[in-house]
Amino acid sequence: MKGVLALYDELKPYRATSDVSRTAHAATAAAVDRLVVDLDRVIPGLVSDIDGSVTYAVSDDAETYSVLDEVARRALCTDARVLCASRAELPAGCALAAILRYPF
């Protein structure tokens, strides 16, 4: 885990991001190589199947889902390495940390 986060620090801002929307776009385009996600955090909303744009919701209900779970699922479907972490292990205030395959 520490190695992945050290690489994240080295590659940001062009090949690494902690922005959820940018990561959703990248995961939809198969551009995520490694992803570390906060295991306990839920960000309700929807992710577009077409371009990966995120529509955030106020609460998690029958019409929305956890955006983080969907980003992780899309990354896994494109052979990304996905790891779960506690909030304390991630960069301060971040719900995820993504290393991209190429600048995105």
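How many disulfides does the count come to? Counting as a disulfide any pair of cysteine sulfur atoms within 2.5 Å, the count comes to zero. Before going further, please note that this is a predicted model, in which local features need pLDDT of at least 70 and side-chain atom pairs count only at pLDDT 80 or more, while totals for chains, interfaces and linings use all residues. Residues are numbered from 1 along each chain as its sequence is written, and side-chain values use heavy atoms, with hydrogens and water left out.

**The cysteines**

Select Cys 77, which is in no disulfide, the nearest cysteine sulfur being that of Cys 84, 15 Å away. Cys 77 counts as exposed, at 57% relative accessibility; here buried means under 20% relative accessible area, exposed means over 50%, and partly exposed is in between, with a 1.4 Å probe and protein chains only.

**The four-stranded sheet**

Helices (H or I, at least four residues) and strands (E, at least two) are DSSP runs, numbered from the N terminus, and two strands pair if DSSP finds at least two bridges between them. Now display β1, β7, β2 and β6, which form an open sheet of four strands in the order β1-β7-β2-β6, with mixed pairing. The edges are taken by β1 and β6, each of which has a single partner strand, so one side of each is left without a neighbour in the sheet. Follow β1 to β7, where the strands run antiparallel and are joined by two bridges; the partner of Ala 16 in β7 is Ile 99.

Stay in strand β1 (residues 16–17) and pick Thr 17, which has its place there and is buried, with a relative accessible area of 7%. A polar atom of the Thr 17 side chain lies 3.0 Å from the backbone nitrogen of Asp 19. With contact meaning heavy atoms within 4.5 Å, and leaving aside its neighbours within four places in sequence, Thr 17 is in contact with Tyr 8, Arg 22, Thr 23, Leu 96, Ala 97 and Ala 98.

**Helix α1**

Next select helix α1 (residues 2–11), in which Val 4, Leu 5, Tyr 8 and Leu 11 are buried. Seen down the axis of α1, the buried residues fall within an arc of 130°, so they line one face of the helix; the arc is that of the directions from the helix axis to the C-beta atoms.

**The nonpolar cores**

A nonpolar core is a set of buried Ala, Val, Leu, Ile, Met, Phe, Trp, Tyr and Cys residues joined through side-chain atoms within 4.5 Å. The largest one has 21 residues, and those with the most contacts inside it are Val 20, Val 32, Leu 35, Val 67, Leu 68, Val 71 and Leu 96. Two or more residues are given to this core by each of α2 (20–28), β2 (32–38), α3 (67–77) and β7 (96–100), and α3 gives the most, with five residues. Apart from this core lies another, of eleven residues, among them Tyr 8, Val 36, Leu 83 and Leu 90.

Gly 45 has Tyr 65 as its bridge partner in β5 and Tyr 56 as its bridge partner in β4. In the hairpin of β3 and β4, with six residues between the strands, look for Gly 52, which takes a positive phi near 80°.

Most residues other than glycine have a negative phi, and most peptide bonds are trans. In the loop between α1 and β1, find Pro 13, where the peptide bond from Lys 12 is cis, with omega near 10°. Ala 30, in the loop between α2 and β2, has a positive phi of about 60° and is partly exposed, with a relative accessible area of 29%. End at Asp 79, in the loop between α3 and β6, where phi is positive at about 65° and the residue counts as exposed, at 69% relative accessibility.

Technical notes
Polar contact = N/O pair within 3.5 Å; in protein donor to acceptor, adjacent residues only side chain to side chain.
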